[in-house]
Amino acid sequence: MTHATHAGRMAGLFRRSLAAVAMALAPGLAAAQDRVHFQYSWLPTGEYAPISAGLERGVFRRQNIELTYSTGRGSGDAVRRIAAGASPFGDGDISAVMDARIRENAPVRCIMMQHAMSPHSLFVLESSGITSIQQLAGRTLATTPGNSHFIYFPLVARMNNLDPSTVRWITVDSAAMAPMLITRRVDGAPLFATHLYYQNKQAERMGQRIRAIPFAEHGFRIYSYCWTATEETLRTNPDLVRRFLAAVHESYLWAKDNVDEAARLHHRRHPDVAADDAAGSMRIMFQYMFPDAQALANFGQVDRARLQETYRVVALSQNHPADADVTQFVDTRFVPPPR
């Protein structure tokens, strides 16, 4: 065999080997990373640690998603941004989605439920002696502009035989609510129960302790947060919706079983959020996401009866039509199947 012939055969073998490698890698190469922006409804507190953990562990990357995100200033703001096309996905309270669709026909829907039970709560100091909604007559409570707790409170009050007009509200900046409570300038502040851990750390430095009075324990059984998407995304890119929800689903279930590690990964991305605070927020959050085995098994799915009750409450508090079709607010076709 001549040197030229041998070289030719080796070159052919090399080309065939490259072709075989290319064929083996083709599926991965074909599925290019989709650049996806996710609109948070709030600051990156510990409730978002599962997303950070999913990013750090490559969960979204394995779904061929390169995820970026922006922080927000409330559910209403997040829904407006998504409806305007700034992001294909976001999160927020389902009441904001309902309100935006009824008032403006906003093209946004809930695509996966987060809380099986609402974490709306009223924070009071243990030293106040307040342990129930009924004891709030004559008290002063803080609120923020557009606060959903304030909107819902008259309904919760009436459920518990309290005349809501006997409670005085003052409007303050969101950052001032907990400090005003801790320093006893108000008797209560409405916050999500998930904030209790790190707010209590602040209170204890002032010689106080905070008690949460959950609305859910006083007859208020509605949905709260969900993940959202634009109708255009649902219509034009259902595969992306499916992959995004698969990554979110996996990230939260992993974080549930690995709270401390998820908190550490969140702190790595957000050094201003202490890992201990993130872990404390998550442990409370998972109590509202997975209050029982059925909620865990059906994570993300929507129950029609609870959806109807949620809209009934929102409609009463916002003066919306009572007979609206509740199916317009959700599209959960792409939620991973029950476990």
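Which residues of helix α2 are buried? The buried residues of α2 are Ala 49, Pro 50, Ile 51, Ser 52, Ala 53, Gly 54 and Leu 55, where buried means under 20% relative accessible area, exposed means over 50%, and partly exposed lies in between (1.4 Å probe, protein chains only).

## About the model

This is a predicted model, in which local features need pLDDT of at least 70 and side-chain atom pairs count only at pLDDT 80 or more, while totals for chains, interfaces and linings use all residues. Residues are numbered from 1 along each chain as its sequence is written, and side-chain values use heavy atoms, with hydrogens and water left out.

## Helix α2 and its surroundings

Helices (H or I, at least four residues) and strands (E, at least two) are DSSP runs, numbered from the N terminus. Helix α2 covers residues 49–56, and seven of its eight residues are buried, so the helix is largely enclosed by the rest of the structure. Its buried residues pack against β1, β2, α3 (59–62), α10, α11 (259–269) and α12 (275–289), contact being defined as heavy atoms within 4.5 Å. After α2 comes Gly 58, whose phi is positive, near 80 degrees.

Two strands pair if DSSP finds at least two bridges between them. Five strands form an open sheet with mixed pairing, in the order β2-β1-β3-β10-β4. At the edges stand β2 (65–70) and β4, each with a single partner strand, so one side of each is left without a neighbour in the sheet. On average, and with direction ignored, neighbouring strands of this sheet are turned by 30 degrees against each other; axes are lines fitted to C-alpha atoms, for helices over the stretch in contact, and angles run from 0 to 180 degrees between N-to-C directions.

Strand β1 (residues 34–39) runs parallel to β3, joined by two bridges, and Phe 38 stands opposite Phe 89 in β3. Helix α5 (residues 94–104) packs on the sheet, where it touches β3, β4 and β10, and its direction makes about 155 degrees with that of β4. Helix α10 (residues 238–257) also packs on the sheet, touching β1, β2, β3, β4 and β10, with a direction about 40 degrees from that of β4.

## Strand β10

Strand β10 (residues 225–230) is mostly covered, since six of its six residues are buried. Tyr 225, Trp 227 and Ala 229 are buried on one side, and Cys 226, Thr 228 and Thr 230 are buried on the other.

Strand β3 (residues 89–93) pairs with β10 in the antiparallel sense over five bridges, and Asp 91 stands opposite Trp 227 in β10. Strand β4 (residues 108–113) also runs antiparallel to β10, joined by five bridges, with Val 108 opposite Thr 230.
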